[in-house]
Amino acid sequence: MTTTRRVLVSGASIAGPALAWWMQRYGWETVVVERADELRTAGQNIDVRGAGREVARKMGLEDAIRAAGTGELGTRFVGRDGRTRAELPAGTGDTDGATAELEILRGELARILVDRSRETTDYRFGTTIAALDDRADGIDVTFADGREETFDVVVAADGMRSRTRRLVVGDAAQIQPKGMYTAYLTIPRVASDTDWWRWYSAPGGRSVTLRPDNLGTIRATLSFLSPPRGYEDLDDAAQRDLLCRLFADAGWETPRVLDGLRHAEEYYFEQVGQVHSPIWHHGRAALVGDAAYCASPVSGMGTSLGLTGAYVLAGELASHIHHRDAFAGYERIMRPYVDQAQDLPPGTPRLANPRTRAGVAALHGVLALAATPVARSVGARLFRPPADRIELPDYTHLERAGA
């Protein structure tokens, strides 16, 4: 008699629900825990590119993602007067374009993934993993409420600042700052807004962007260059005051964004960084997605890494009797892909956030040249992350009949 194997996943965003979906296809019992009391549907625009898009196809999700897309037409770099300095239309393939062909809000993709996996996965909101006890025949989990259960495998998929990660790999994983802070918020849409991603660069290494969504609002960001200063640890009010001071004279539509910042309920502030770890597993526990190898928002690779990593990890676990061999296969397949994703173009993100007016003018000049018909292919490569640079294994033979 074969005993059904059990996997516990921490995190109900992108990689976590995707991993649960694949694991149940292979006959595993799946449980997902999430710190939030309910599914978090907030979040900014994300791309589904390359291998990530191929995984979405394998899951039968491509049409659902397209239907819930933001409708973004492309990227316009604008000046202080609002006039377009350069325009790059959305991509038309699996990988190209600053705006991907499949562009969706993070919360919308999370909703789709959870909805597709909810019938076969036990989702538990408002709880976390407090302790792990790895044994030869299983891994004992203590939850924050004191309950205890045993699983065959535990996977942390709870983001760049994962609290579960330390329970898995200790201090091996490090967050490497990329010299920039970004605030994300949702503001009301007005008549002058368009379906283009508008990107404004102000002197002082600052940028303000406005992006459309499919919910009738606008997703805004405020970014500024800075070495690590602990701003991410300030309380909410102090962060908002800081942003209002730093962007007070930025120009363009910044006053509107700052006014929205004062009242925004959907708001998130972070130090932009990457997660680097020499190992992604220990014993019966592993990491996937941003918890393992966040490449930062400026890479354009977060969703592709999350979906692809979930697909490969699930396939390797289903392919091997011993978790040790499965984790080794997962790292062997994913490590080169992750290394390429984290290898950002030289000068990123500094070059896209000039500190002087002359630098802003030079940036606009380069982008305008790249956007001309003759050089558009070059311009497209500037915004083409290595999302397709992996050969996905075929695990079809492992799926249960009728799953």
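Predicted model: local features only at pLDDT ≥ 70, side-chain atom pairs only at ≥ 80, totals over all residues.
User: OK, in what order do the seven strands of the open sheet come?
Analyst: The order is S5-S4-S13-S14-S15-S12-S16, with mixed pairing. Helices (H or I, at least four residues) and strands (E, at least two) are DSSP runs numbered from the N terminus, and two strands pair if DSSP finds at least two bridges between them.

User: And which strands stand at the edges there?
Analyst: Strand S5 (84–89) and strand S16 (267–276) do, and because each has a single partner strand, one side of each is left without a neighbour in the sheet. From one strand to the next, the twist averages 20 degrees.

User: How many bridges join S12 to S15?
Analyst: Nine bridges join strand S12 (residues 174–188) to strand S15 (residues 217–225), and the two run antiparallel. Threonine 182, for instance, has serine 223 in S15 as its bridge partner.

User: Which helix packs on that sheet and touches S12, S14, S15 and S16?
Analyst: That is helix H6 (residues 236–246), whose direction makes about 90 degrees with that of S16. Contact means heavy atoms within 4.5 Å, and the angles, which run from 0 to 180 degrees, are taken between N-to-C directions of axes, that is, lines fitted to C-alpha atoms, for helices over the stretch in contact. Helix H7 (residues 254–263) lies across S12, strand S13 (197–202), S14, S15 and S16, and runs at about 90 degrees to S12.

User: What sits in the loop between H6 and H7?
Analyst: Tryptophan 252 has its place in that loop, and its phi is near 55 degrees, a positive value in a residue other than glycine.

User: Is tryptophan 252 buried or exposed?
Analyst: Tryptophan 252 counts as buried because its relative accessibility is 14%; buried means under 20% relative accessible area, exposed over 50% and partly exposed in between, using a 1.4 Å probe and protein chains only.

User: Switching topic, what does S4 pair with, and in which sense?
Analyst: S4 pairs with S5 in the antiparallel sense over five bridges, and with S13 in the parallel sense over four bridges. Valine 78 stands opposite threonine 84 in S5 and opposite tyrosine 200 in S13. Strand S4 (residues 74–78) is mostly covered, as four of its five residues are buried.

User: Which residues does serine 201 touch?
Analyst: Not counting residues up to four places away in sequence, serine 201 touches Val78, Arg206, Ser207, Ala352, Pro354, Val360 and Leu363. Serine 201 is found in strand S13 and counts as buried because its relative accessibility is 3%. Serine 201 and glycine 359 are 158 residues apart in sequence but 9.7 Å apart in space, C-alpha to C-alpha.

User: What about the three-strand sheet, what is its order?
Analyst: The order is S8-S9-S10, in an open sheet with antiparallel pairing. Its edge strands are strand S8 (129–135) and strand S10 (148–151), each of which pairs on one side only. Six bridges join S8 to strand S9 (residues 138–143), and aspartate 133 stands opposite aspartate 140 in S9.

User: Which residues of H2 are buried?
Analyst: In helix H2 (residues 50–58), Gly50, Ala51, Gly52, Arg53, Val55 and Ala56 are buried. The buried residues of H2 pack against helix H1 (15–25), helix H3 (62–67), H9 and H10, and just after H2, glycine 60 takes a positive phi of about 75 degrees.

User: Last one, where is the cis peptide bond with proline 349?
Analyst: The bond runs from threonine 348 to proline 349, with omega near 0 degrees, and proline 349 is found in the loop between helix H10 (323–342) and helix H11 (357–370).

Terms used. Residues numbered from 1 in each chain as written. Heavy atoms only, no water.
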